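Dear colleague,

Please find below the structure that I am handing over to you. My findings on its side-chain pairs follow directly after it.

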Amino acid sequence: MPAASSSGSHPLRAWQRAALAAYQARTSAGARDFLAVATPGAGKTTFALRVAADLLRDGVVRAITVVAPTEHLKRQWAQAAAAMGIALDPAFRNTAGVTSSDYTGVVLTYAQVAAHPALHRLRCERRRTLVILDEIHHAGDALSWGDAAREAFTPAVRRLALTGTPFRSDVNPIPFVTYVPGPDGVLRSIADSSYGYADALRDAVVRPVLFLAYSGEMSWRTSAGHELSARLGEPLNNEQTAAAWRTALDPRGDWIPAVLAAADTRLAQVRGGGMADAGGLVIATDHANARAYATILRRVTGTEPVVVLSDDPAASSKIEAFRASRDRWMVAVRMVSEGVDVPRLAVGVYATSVATPLFFAQAVGRFVRGRGRPETASIFLPSVPALLALAGEMEVQRDHALDKPLREPDTFDDEALREANRRRDVPDLTDRSFTALGSSAHLDRVIFDGGEFGTQAAAGSAEEEDFLGLPGLLEPDQVAVLLKQREAAQLAARRKQERAGPANQPGQGMTAVPGQAGSPAARPDPSPDAAAADRPTYEVLIELRRELNRLVAAHHHRTGRAHGMIHGELRRTCGGPATGQATAAQLRARIDTIRRWET
C-alpha cells in the first residue's frame with residue numbers, strides 16, 4: 001500500500017486551509033462528521049484528499065472509501081488521489097467484495113452502495129475507514145439511497161461530506177448532515193465550512209460568468225388544434241412558458257441554430273483572445289435533441305462536435321479525450337452535468353428544459369473552474385423567468401430545507417418543473433400536448449453579477465456582436481465596466497437614430513452600434529419626462545424594468561434578502577402586478593420606493 005504524499009507537497013488555497021483548521025478543531029472535539037460546502041471549481045477534491053492524507057499519516061484511519069455520483073467521477077477521484085500518493089480502486093465491484101492489497105481504498109457510486117449496503121458496512125467494520133461522500137445531496141435522491149448510505153457508513157471512524165449545491169427540490173433528509181430549525185421553524189442543513197461563488201470570485205478561484213439570455217417569437221399548436229404564439233420571456237402562465245420554452249429548444253426552428261451560431265462566434269472570440277484551447281458545451285434535454293444539435297453545430301462550424309450520451313459505453317473516454325484535446329464543441333445530455341472536470345470549457349449553451357436550482361448550479365459549475373488567469377465564462381440560455389432568476393442569484397448560498405417554505409413572490413414555481421428534473425434519455429413520446437411550429441431568436445439581455453445590460457438585439461446584428469465580441473480575458477470589474485460601456489453606446493445610438501426621424505429608424509434590435517470607445521453614459525432617467533411621446537413604449541418599459549432590477553440587485557447585495565422577496569415587498573407597498581406586467585407608472589413608483597429605502 002503506497003504511503004500518502006506529505007501534506008506539504010500540495011499547497012492549499014486560503015479557504016482550504018481554513019476548512020482544514022475547522023475540520024481539525026471539530027474532530028478534536030470528538031466529532032466524526034464534517035460537511036464542507038464549496039462552489040463548483042473551488043477545489044473540494046483537493047481539500048478532501050488532504051484530509052485523507054493527514055488521517056492516513058497520523059494513523060487515525062487505515063482505509064479510504066469515496067462515494068461519487070457517477071462512474072466517470074470514480075476515475076477522476078482515483079486519478080486525483082494517485083497524484084497525492086493514495087491508491088484507490090475505481091473498478092471495485094460488489095460481486096467481488098474485495099480488492100487488491102495494493103489499494104488504500106475504493107471509489108463507489110451511491111447506486112453501488114444502495115445495491116449492497118451490508119457489504120460496505122462490513123468493510124468499514126473491518127478497517128478504520130474515512131468515508132468521503134462527494135456531492136452528498138445525491139444521498140437524498142431516494143430514501144433507499146439515504147438509508148443505504150446510513151447503514152453502510154455508520155461504523156466509519158470519520159465521514160467527510162462534500163457538496164457544491166447543498167439544496168434540493170425535495171425534502172428527503174441527507175444522512176450525516178446536521179439540521180437545525182430556522183426562524184421560520186423549517187429545518188435546514190448546517191455546514192461546518194462554506195465557500196460560496198461570490199467568495200471564490202473575489203479570490204480569483206473561479207471565473208466570472210456572463211449569461212446571454214435569448215428571447216424570440218415562438219409558435220406552437222396545442223393538443224386541441226389551436227395555434228398560439230408568444231414572445232419567450234414575456235409574462236405567461238406556467239403552461240404557456242413551458243410550451244414556448246420547448247418550442248425554442250426544438251432543433252427544427254430558428255432559435256437553436258441562431259443561438260448555437262452566436263455561441264460559436266463567442267467561442268471564436270475567446271479562443272482568439274488568449275484562451276486558445278477554450279471549448280464549448282451544449283447541454284441537451286434528450287438524445288434526439290443532442291444529435292440534432294450536433295448536426296447544426298457541424299453545419300455552423302464545419303467541424304464534427306463530440307457527442308456524449310448516457311447509454312454510450314465510451315462516454316467517459318470521450319469526455320477524457322475532449323478534456324485533453326483542442327476540439328471546439330461537445331454536446332451532452334447528462335454525463336457532464338456535475339463533477340466532470342474539463343477546465344477549458346468556457347462557453348456553454350443551456351439547451352435543456354430543467355429549471356431546478358440544483359441542476360442549474362451543477363451545469364454552470366462546469367464552466368467556472370479557474371486556471372490562474374483572468375478568464376471569463378459565457379453561458380447562453382433561454383430568456384425564461386426561472387433561469388433569469390437563477391442567473392441573477394449566482395452568489396446566493398442556500399441550505400437544504402426539510403420542509404417546504406412558502407414560495408417567494410415573483411418567483412417561478414420549482415414544483416411545476418419537478419418532473420423535468422427526472423433523469424431522462426429520450427423525449428416523453430406520450431406527451432402530445434403541443435407541436436412546435438416555429439421560432440426566432442434575439443439577444444434579450446446580458447446578466448452579470450446580478451445586474452442586467454444591453455438592449456434587445458436581433459441575431460446577427462451589430463448590437464449582438466458588441467457583446468459576443470467582449471474579450472475572453474477580463475477581471476470581474478473589467479467585465480462590468482465594458483458591459484456598461486456597450487449598453488450606454490447602444491442606447492445613445494438608438495436615441496440618435498430616433499431623433500433623426502422615422503425614415504432612418506431601423507427595425508427592433510437592428511441598430512448599428514459604434515465601437516467600444518468612449519466612457520459609460522449615465523443610466524436612463526426613469527422620470528416621466530424620459531417617457532415622452534416620441535419614445536417607443538417598449539423601450540421605456542425595458543429601461544424601467546432594467547433600472548428596477550439593478551436597484552433590487554444592489555439592495556440584495558446590501559441586505560442579503562432574496563431578489564424575489566424584495567420584488568414582493570415592492571408590490572405590496574406600491575400595488576400592481578408582477579414586474580413583467582407592470583405599467584411605466586407602477587415601475588416608477590417601485591423605483592422611487594426602493595431608492596428611498598437606500599437613503
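In this predicted model, Asp33 and Arg159 form a salt bridge through their side chains, with an N to O distance of 2.6 Å. The two residues come from distant parts of the chain, 126 residues apart: Asp33 belongs to strand E1 (residues 33–38) and Arg159 to strand E6 (residues 158–163). Both Asp33 and Arg159 are buried. In total, 18 salt bridges were counted.

A second salt bridge joins Arg595 and Glu547 at 2.8 Å, N to O. Arg595 is part of helix H18 (residues 584–598) and Glu547 part of helix H16 (residues 537–559), so this pair connects parts 48 residues apart in sequence. Glu547 is buried because its relative accessible area, 2%, falls under 20%. Arg595, at 33% relative accessibility, is partly exposed.

Glu304 and Arg298 also form a salt bridge, and their closest N and O atoms are 2.8 Å apart. Here Glu304 counts as exposed, at 53% relative accessibility, while Arg298 is partly exposed at 33%.

The side chain of His442 makes a polar contact of 3.4 Å with the side chain of Arg231. Leaving aside residues up to four places away in sequence, the residues that His442 touches include Tyr214, Ser215, Arg231 and Gln456.

With kind regards

Definitions and conventions: Residues numbered from 1 in each chain as written. Predicted model: local features only at pLDDT ≥ 70, side-chain atom pairs only at ≥ 80, totals over all residues. Heavy atoms only, no water. Polar contact = N/O pair within 3.5 Å; in protein donor to acceptor, adjacent residues only side chain to side chain. Contact = heavy atoms within 4.5 Å. Salt bridge = Lys/Arg side-chain N within 4 Å of Asp/Glu carboxyl O. Helix = DSSP H or I, 4+ residues; strand = E, 2+ residues; numbered from the N terminus. Buried < 20%, exposed > 50% of the residue type's maximum accessible area, 1.4 Å probe, protein only.
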